[in-house]
Amino acid sequence: MAGTLLPGDVLDLLDWKRRILELYAMVRQADEPTAAWLSWRRARDELFARHPQSPIPAARRDAFGTLPYFDYDPGFRVQANVKPAEPVRIDLAASGDDAGAAVALTRFATATFDLAGDPASLELFWLDAYGGGLFLPFRDATSGGETYGAGRYLLDTVKGSDLGVTDRGQLVLDFNFAHNPSCSYDPRWVCPLAPPGNRVSVPVRAGERHPWDPAAKPRP
């Protein structure tokens, strides 16, 4: 979120959220994840390049090309079992210009799954502000190198990032859709960081790379 929201920004923000909601609805309804991921990439590039609510600073948008990603890897698409946990309220540290700020969340469950042949788990959080929403940030062995050091977001339903559940009630976690927080592009955005415990041990070479990774491939 931005540190200050001016009245004239409200409709632009509403349009941004509407587009993101529609984008993820398309992803959930798609029969082929790779094709949906390519469409998701193209739509995000367009939003980041042209939309008034883009996290890319306005002065840098003319030079913006595409967001950098790893190639799609179906091995990083998993279905997670959700195990309820004793609710614990935490104030999660945030980055950006207001780095001393904190975002209030409640840990309410744990998602367990196999990733690259190893058992893994991540805590699930519910945002206490903005009317609530499921929030799943994470770090992995690529954080601080190939990917943004403060971690990436996998689910953030208050902003539309929602991959759905299976018929068996499992949470869909597709790490190919992992994306960077807005503060990775511009510190005027205040973003909650992935807590130390929400880390998977394997390198997740899927999803968005570090924002300015020179080794990133251009959009297909």
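Helices (H or I, at least four residues) and strands (E, at least two) are DSSP runs, numbered from the N terminus. The legends below concern a predicted model, in which local features need pLDDT of at least 70 and side-chain atom pairs count only at pLDDT 80 or more, while totals for chains, interfaces and linings use all residues. Residues are numbered from 1 along each chain as its sequence is written, and side-chain values use heavy atoms, with hydrogens and water left out.

**Figure 1. Overview of the protein chain.** The secondary structure comprises two helices and seven strands. Read from the N terminus, the order of elements is α-α-β-β-β-β-β-β-β. Of the 220 residues, 49% count as buried (buried means under 20% relative accessible area, exposed over 50%, partly exposed in between, with a 1.4 Å probe and protein chains only). Contact here means heavy atoms within 4.5 Å. Among contacts between residues at least 6 apart in sequence, 66% join residues at least 24 apart.

**Figure 2. The helix pair H1 and H2.** Helix H1 spans residues 10–29 and helix H2 residues 33–50; their axes come within 9 Å and cross at roughly 170°. Such axes are lines fitted to C-alpha atoms, for helices over the stretch in contact, and angles run from 0 to 180 degrees between N-to-C directions. The two helices are therefore roughly antiparallel to each other (angles under 35 degrees count as roughly parallel, over 145 as roughly antiparallel, 65 to 115 as roughly perpendicular and the rest as oblique). H1 contributes Trp16, Arg19, Ile20, Leu23, Tyr24, Met26 and Val27 to the contact, and H2 contributes Ala36, Ser39, Trp40, Ala43, Arg44, Leu47 and Phe48. These residues divide into 11 nonpolar, one polar and two charged (Ala, Val, Leu, Ile, Met, Phe, Trp, Tyr, Cys and Pro count as nonpolar, Asp, Glu, Lys and Arg as charged, and the others, Gly among them, as polar).

**Figure 3. Leucine 47 and its surroundings.** Leucine 47 has its place in helix H2. With a relative accessible area of 7%, leucine 47 is buried. Not counting residues up to four places away in sequence, leucine 47 touches Trp16, Arg19, Ile20 and Ser54. Leucine 47 and isoleucine 20 are 27 residues apart along the chain, and their C-alpha atoms are separated by 9.3 Å.

**Figure 4. Strand E1 and its partners.** Strands pair if DSSP finds at least two bridges between them. E1 (residues 77–95) runs antiparallel to E2 and is joined to E2 by 10 bridges. In this pairing, valine 88 stands opposite arginine 107, and leucine 92 has valine 103 as its bridge partner. Four bridges join E1 to E6, again antiparallel, with leucine 173 of E6 as the bridge partner of valine 78. E7 is antiparallel to E1 as well, through two bridges; there, alanine 94 is partnered by proline 192.

Figure 5. Strand E2 (residues 102–115) is mostly covered, with 10 of its 14 residues buried. E2 is joined by 10 bridges to strand E3 (residues 118–127), and the two run antiparallel. Leucine 115 has aspartate 118 in E3 as its bridge partner. Two residues lie between the strands of this hairpin. One feature of the turn is alanine 116, whose phi is near 55°, a positive value in a residue other than glycine. Most residues other than glycine have a negative phi. At 53% relative accessibility, alanine 116 counts as exposed.

**Figure 6. The nonpolar cores.** A nonpolar core is a set of buried Ala, Val, Leu, Ile, Met, Phe, Trp, Tyr and Cys residues joined through side-chain atoms within 4.5 Å. The largest has 42 residues, and those with the most contacts inside it are Phe113, Leu115, Leu173, Phe175 and Val204. H1, H2, E1, E2, E3, E4 (134–138), E5 (152–156) and E6 (171–174) each supply at least two residues of this core. Apart from it lies another core of 16 residues, including Leu105, Tyr153, Cys183 and Cys191.

**Figure 7. Strands E4 and E5.** E4 and E5 run antiparallel and are joined by four bridges. Proline 137 stands opposite tyrosine 153 in E5. Five of the five residues of E5 are buried, so E5 is largely enclosed by the rest of the structure.
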